[in-house]
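The sequence and structure come before the discussion.

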Amino acid sequence: RAVAMSVSHSSRLNKLVREQYMRLPQDGRVQVTYVWIDGSGEGVRCKSRTLDKEPKSIEDVPEWNFDGSSTAQAEGSNSDMFLVPVCMFRDPFCLDPNKLVLCEVLKYNRKPAETNLRHTCKKVMDLVKDRHPWFGMEQEYTLLGINGHPYGWPDNGFPGPQGPYYCGVGADKVYGRDIVESHYKACLYAGVKICGTNAEVMPSQWEFQVGPCEGIEMGDHLWMARFILHRVCEDFGVVATLDPKPMTGNWNGAGCHTNYSTEEMRREGGLKHIEAAIEKLSKRHDYHICVYDPRGGRDNSRRLTGHHETSNIFEFSAGVANRGASIRIPRQVGQDGYGYFEDRRPAANCDPYAVTEAIMRTTVLNETGVETKDYADH
């Protein structure tokens, strides 16, 4: 049965007409789109301005401001907030020489906004930079129609059970590949360190991977990859949700599995350092669960049930090649005796700055308990 796809009205506008304008010369001037994380800790916002010449580095991009009362970040009586550029990418939507610029948000008093988790992450990454921490994050997401129903699913009822969809091929097994491949190309053009993609276990669910990235770069590149995903989906008229459990019942949830290593883990004999890090993580499970989604673990409680390739949220576990464990050591790493491990607990809507910072605090800075240390004075 043919199903009418629920797509946005703007996606039906004539894109050939748009293309006519996009080809017009810019006379040396450059459009810079500032991107930031809003008061939800999950959403991204953007706005653009013109610079007289192409910025060659992030230092060439001026600070800007925005109305924080409209993004749940400030009161209307004192609403101006600062946008501080931190990372620059090529713009895959308006093309060269135009730029996308990721920004930190500061309040009127120049202190970081509540959802600016990059600020403390950067401090921690600077402290541990001699350990050369590498990360790779696997971002799962689900495509929805504009009506909130999974894209390509029957209007009434459900598709067939999970099984044929993971890494699937064929019109009856995958929905929305045009979006996925457009996003991949856009990230490559932008300079985002995207390293792969695949269809996931639930139909209309996909994953892309970003990494390896060192230190603060992990959060910067994943947030920009998310922004690009939402913009690509906007062009196609659908929605990408990072909800960790978009469909209740016998369907897989969505995570953001985080692969991690330090230089000593990547060397010969590194497995003992991997096992030592896992031991530290095992003693701080509650702390990590609290920071692995934006709601202190409430989102992940819907996903980490011990079923559908997840661990139980209340228990810490680790194992080689075990996708039902909190921490998975890849089989190849177990055989080689060095490499990396995968933390499977972060939710799809986690803040990568929070996740990578927490891992460093526990495994390198040897913090324990649920309290974190303030390194501002060191």
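In which strand is P212 found? P212 is found in strand β8, residues 205-214. The model is a predicted one.

P97 is located in a loop, the one that runs between β4 (80-90) and β5 (99-106).

Phi of L95 is positive, about 70°, although the residue is not a glycine. L95 has a relative accessible area of 42% and is therefore partly exposed, since that class lies between the 20% limit for buried and the 50% limit for exposed.

A321 is not a glycine either, and its phi is positive, near 60°. The residue sits in the loop that links β11 (318-320) and β12 (327-329). With a relative accessible area of 25%, A321 is partly exposed.

## Helix α4

Helix α4 covers residues 217-236, 20 residues in total. From first C-alpha to last, α4 reaches 29 Å, close to the 28 Å expected at 1.5 Å a residue. Of the 20 residues in α4, 15 are buried, so the helix is largely enclosed by the rest of the structure.

The residue that follows α4 is G237. Its phi is positive, near 85°.

Methods
Residues are numbered from 1 along each chain as its sequence is written. This is a predicted model: local features need pLDDT of at least 70, side-chain atom pairs count only at pLDDT 80 or more; totals for chains, interfaces and linings use all residues. Side-chain values use heavy atoms; hydrogens and water are left out. Helices (H or I, at least four residues) and strands (E, at least two) are DSSP runs, numbered from the N terminus. The expected span of a helix is 1.5 Å times one less than its number of residues. Buried means under 20% relative accessible area, exposed over 50%, partly exposed in between (1.4 Å probe, protein chains only).
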